[in-house]
Amino acid sequence: YKAERAIIALEALLPRQAAVLRDGIEQLVPAADLVPGDVQILSEGQAIPADARLFEANRLKVDASSLTGESRPIPRTAKARSNDTRPLAERPDFVLAGTSIASGTGRALIYATGAVTEFGRLAALAQHQPPRPSPLEIEVRSITRLISMIAVSMGGLFFVIGTLFGGLSLSAAFLFALGMIV
């Protein structure tokens, strides 16, 4: 249930449409129709629907709080570094799905869409979390075990007392003990 709510919340961060450059023409297309190789046109206030590498950036700053938790906009640049081993979210020449443009403009070449984006991987992790019992469920199980152990112990005690001191037959003592347990 929590994973489903997390997925819905994550999907709300993704835009429905994106401005792209196809065949030299600027177009507004559904975000689901984006493919690697599209050139995304970035402008202030726009949510980013796919992972992309910047090739043009004009005073571009990205709000990446949904992925990194960073509260301030992060500057981005089109200057690529071939030996950069940092995670994609920390590289200055990448913009990632689920983030948004805080200021500036730019253009970026889309290289990943949908489930293969960093955002998609985050959603998949949230979806594949095994269900954990709530604190109430843990407490109810603990109390149930305790009450069950007490009931079985009392039943066993009455069985022994009934046969040794009460003069009951084994079947009568067993039925009496079973009644005590239930």
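Tyr111 counts as partly exposed, at 33% relative accessibility. On this scale, buried means under 20% relative accessible area, exposed means over 50%, and partly exposed lies in between, using a 1.4 Å probe and protein chains only.

The structure is a predicted model, in which local features need pLDDT of at least 70 and side-chain atom pairs count only at pLDDT 80 or more, while totals for chains, interfaces and linings use all residues. Residues are numbered from 1 along each chain as its sequence is written, and side-chain values use heavy atoms, with hydrogens and water left out.

**The overall picture**

The protein has five helices and seven strands. These are DSSP runs numbered from the N terminus: helices are H or I with at least four residues, and strands are E with at least two. Along the sequence, their order is α-β-β-β-β-α-β-β-β-α-α-α.

Of the 182 residues, 30% count as buried. The protein exposes about 11,800 Å², and carbon and sulfur atoms supply 61% of that area; such areas come from the Shrake-Rupley method with a 1.4 Å probe, and for residues only the protein chains shown count as cover. A contact means heavy atoms within 4.5 Å. Of the contacts with a separation of 6 or more, 57% join residues 24 or more positions apart.

**How the strands pair**

Two strands pair if DSSP finds at least two bridges between them. Here are some pairs, each with one example of facing residues.

| Strands | Direction | Bridges | Facing residues |
|---|---|---|---|
| β1 and β2 | antiparallel | six | Gln17 and Pro30 |
| β4 and β7 | antiparallel | 10 | Asn58 and Thr105 |
| β4 and β6 | antiparallel | two | Arg53 and Phe94 |
| β4 and β5 | antiparallel | three | Lys61 and Pro75 |

β1 and β2 form a hairpin with two residues between them, and Asp23 in the turn has a positive phi of about 55 degrees.

**The nonpolar core**

In soluble globular proteins, nonpolar side chains tend to be buried together. A nonpolar core is a set of buried Ala, Val, Leu, Ile, Met, Phe, Trp, Tyr and Cys residues joined through side-chain atoms within 4.5 Å. The largest one here has 15 residues, and those that touch the most other members are Leu34, Leu42, Leu54, Val95, Ile101 and Ala108. β1, β4 and β7 each supply at least two residues of this core, and the largest share, four residues, comes from β4. Leaving aside neighbours within four places in sequence, the contacts of Leu34 include Ala18, Val20, Pro49 and Ile110.

**Two aromatic pairs**

Which kind of pair do Phe94 and Tyr111 form? The structure holds two aromatic pairs. Phe94 and Tyr111 form an edge-to-face pair, with 5.6 Å centre to centre and 85 degrees between the planes. Phe94 lies in strand β6 and Tyr111 in strand β7, so the pair ties together parts that are 17 residues apart in sequence. Phe94 is buried, with a relative accessible area of 5%.

Phe158 and Phe176 form the other pair, also edge-to-face, with 5.6 Å between centres and 85 degrees between planes. Phe158 belongs to helix α4 and Phe176 to helix α5, so this pair links parts 18 residues apart in sequence. Phe158 is partly exposed at 26%, and Phe176 is partly exposed at 40%. As for the terms, rings of Phe, Tyr and Trp (its six-membered ring) pair if their centres lie within 6.5 Å; planes under 30 degrees apart count as stacked, over 60 as edge-to-face and the rest as tilted.

**Helices and a loop**

Helix α4 has 30 residues and reaches 44 Å from its first C-alpha to its last, close to the 44 Å expected at 1.5 Å a residue. The expected span is 1.5 Å times one less than the number of residues. Ala151, Gly155 and Gly162 are buried in α4, and what covers the buried residues of this helix includes α5.

Gly120 sits in helix α3 and is buried, with a relative accessible area of 12%. Beyond neighbours within four places in sequence, Gly120 is in contact with Gly114 and Ala115.

Finally, Leu88 is in the loop between β5 and β6. Not counting residues up to four places away in sequence, Leu88 touches Phe94, Leu96, Tyr111 and Glu118. Among them are both rings of one aromatic pair, Phe94 and Tyr111.
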